[in-house]
Every structure is written in C-alpha cells, then in structure tokens.
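Open the structure in your viewer and keep the selection tool ready. We will go from stop to stop.

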Amino acid sequence: MVGLTARPALAWHDDGHRIVGEIADRQLSPKVREKVRALLAGMPNYDTMATAATWPDQQAKLDETFAFAYTSHFVNVRGEFSPRDLYRICLEQAGCVATGILFYTDVLRSDRASREQRGEALRFLIHFVGDVHQPLHAGHREDKGGNDIKDLRLLEYTTAKERANLHALWDGGIIALALGRGGKTWATWAVELDGDITSEERQRWIAVDSVVDWIEESRLFAASNGYLGANGIDPVKTGDVLGEDWYERNRPVVEQRLQQAGIRLAVLIEDALG
C-alpha cells in the first residue's frame, strides 16, 4: 500500500485539496452550501470546503482513532479491472478509496447519523474525492503508487539535495511549479480553474458518476502520463532528471483532474444534501 507516513500519502498535498474543495464550493447551490457550512462549523481551521479538504491529512492521520481510514486514500490497480476485481482488490487492501467514498456518502445522507458524524463524513468525502482523481492514487502496488520511484529532480521544485519521489511530484510538484511560476495562490488558481470549465465539459464529466469509473480514469492517466517520461514512451526511473517538457506534458492532466474532482464532488454533495 501507499506509505502511511505523512509525506508520501498526501494526495495533491494541501494546495491541491484546497483547490478541489473551493471549486466544489463554488459549484454548490446556495441551499446546499448553507447545509455544508452548518455541518463544517465548530472545527476551527477546517470549517470551509477548502480547509476541510486538508483535515484527513493534517489531523486524522495523526489520530489512531482514524487508522482504519488510512487505506481509503488510494487503491492499487494495474491493467484493466472489472467492478468485481475492484471489490476483491479493496478487500485485499483492507479498504480503498472506493469504499471510503461510498461509506462516507452513506453517512452524509443518513438521518440516523449525528451532526458531528455527518460533518466528519463530509470532511473525509471532500478529501477522498480529491484523492481518487490523482492518477498515482490508482498506481501500481509494486512501487507503492510511485513512492518507490525516488531521487527525482524536477526543475526548480527540487535541488540536488532535495529530491522527490514520483508520487510526490504528482501530489504537489506540478502544482507548486504552476503556482510559483504564475505568481498565484491556491485560492486564485481555484477561481481561475473553476472559471475555465465549460458547460460542455461539466456535463460530460458529471455523466461519469461512478467511483469505479473515476478510478479507471486515474489508472489510464497513470499509464499514459504518470509513469512515463516526456516522450510518453520510456518509464520514469529512480534518479531521473525531469525537465520542462515533462512538466508541460503533465500540467494539463493535473489541471483537468482538479477540475473534474471539484465538479463531481459538488454533484455528489448536492445529491446527498439537496
């Protein structure tokens, strides 16, 4: 499984999760947005969609009470899989991002759950929908979703003394470069990405409404982009130096996955709370 230590398991890192949460918030109807704010109220620093998105990495992973949720941040798949295959893989993994999303969606809908339980479910749900759209969170078991492809250098994101693994570059490296080069904050980029979504894209993305299909999308992006060098043929190997061409090839994928996660998260929450 993907490592349980803090750094490797942070899908999208904090800024990526904040962007997903902000896009989703901007897509909600006023009625549902008020319900969301009521459920998130009472936990300082994690009471908006954007900030709540970081709670499962910043707080829940430090609390053994939530140890059961560690494996819900990812799923390790390779090659085509059926829903039955995914069910088996999730059982072997003792839970996966698919089971996490389905479970917390049910809790959020439940009339029997308390407000606190539904607020907790909402924080996990915001985070896990972001996770499932990061391509290497549907990566290979043998390399722990790219965590074992190490000592990589990427432009100004790394130096000779500060290298990163492939998973971390997809979690945060590409986003950090985009923010730094554009002179943007996560919040300004979230507004920009949200504004760039066309009505045609939105309709096409929400038509894919199964978490199984979201995982398959990530698996395919991992195969076509996540694990490959800039030429789209040779695999990234431990110790590689990744340049401008690699960044330019993969930034559009990251942008689209952040947008898709935000749009689909909003629809899921609307359905659960509307």
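Before you click, note that this is a predicted model.

**Stop 1: a disulfide**

Select Cys90 and Cys96. A disulfide joins the two, with 1.9 Å from S to S. A disulfide is a covalent bond between the sulfur atoms of two cysteines. The count for this structure comes to 1 disulfide. Now turn the view along the S-S bond. The angle about that bond is 65°, and the link of Cys90 and Cys96 is right-handed. Are Cys90 and Cys96 buried or exposed? Both are buried.

**Stop 2: charged pairs**

Side chains of opposite charge can pair when their charged atoms come close. How many salt bridges does the structure hold? There are 21. Here are some to visit.

Select Arg251 and Glu255. Their side chains form a salt bridge, at 2.7 Å from N to O. Now show the helices and find H12, which covers residues 244–273. Arg251 and Glu255 both sit in helix H12. They are 4 residues apart, so about one helical turn separates them.

Move to Arg115 and Glu116. A salt bridge links these side chains too, at 3.8 Å from N to O. Arg115 is partly exposed, with 39% relative accessible area. Glu116 reaches 55% relative accessibility, so Glu116 counts as exposed, the cut-off being over 50%.

Next, select Lys237 and Asp240. This pair forms a salt bridge, and its closest N and O atoms are 3.9 Å apart.

**Stop 3: a network**

Finish with Asp14, Asp15 and Arg18. Select the three together. A network of salt bridges links them.

Notes:
Residues are numbered from 1 along each chain as its sequence is written. This is a predicted model: local features need pLDDT of at least 70, side-chain atom pairs count only at pLDDT 80 or more; totals for chains, interfaces and linings use all residues. Side-chain values use heavy atoms; hydrogens and water are left out. A salt bridge is a side-chain nitrogen of Lys or Arg within 4 Å of a carboxyl oxygen of Asp or Glu. Buried means under 20% relative accessible area, exposed over 50%, partly exposed in between (1.4 Å probe, protein chains only). Helices (H or I, at least four residues) and strands (E, at least two) are DSSP runs, numbered from the N terminus. A disulfide is a pair of cysteine sulfur atoms within 2.5 Å.
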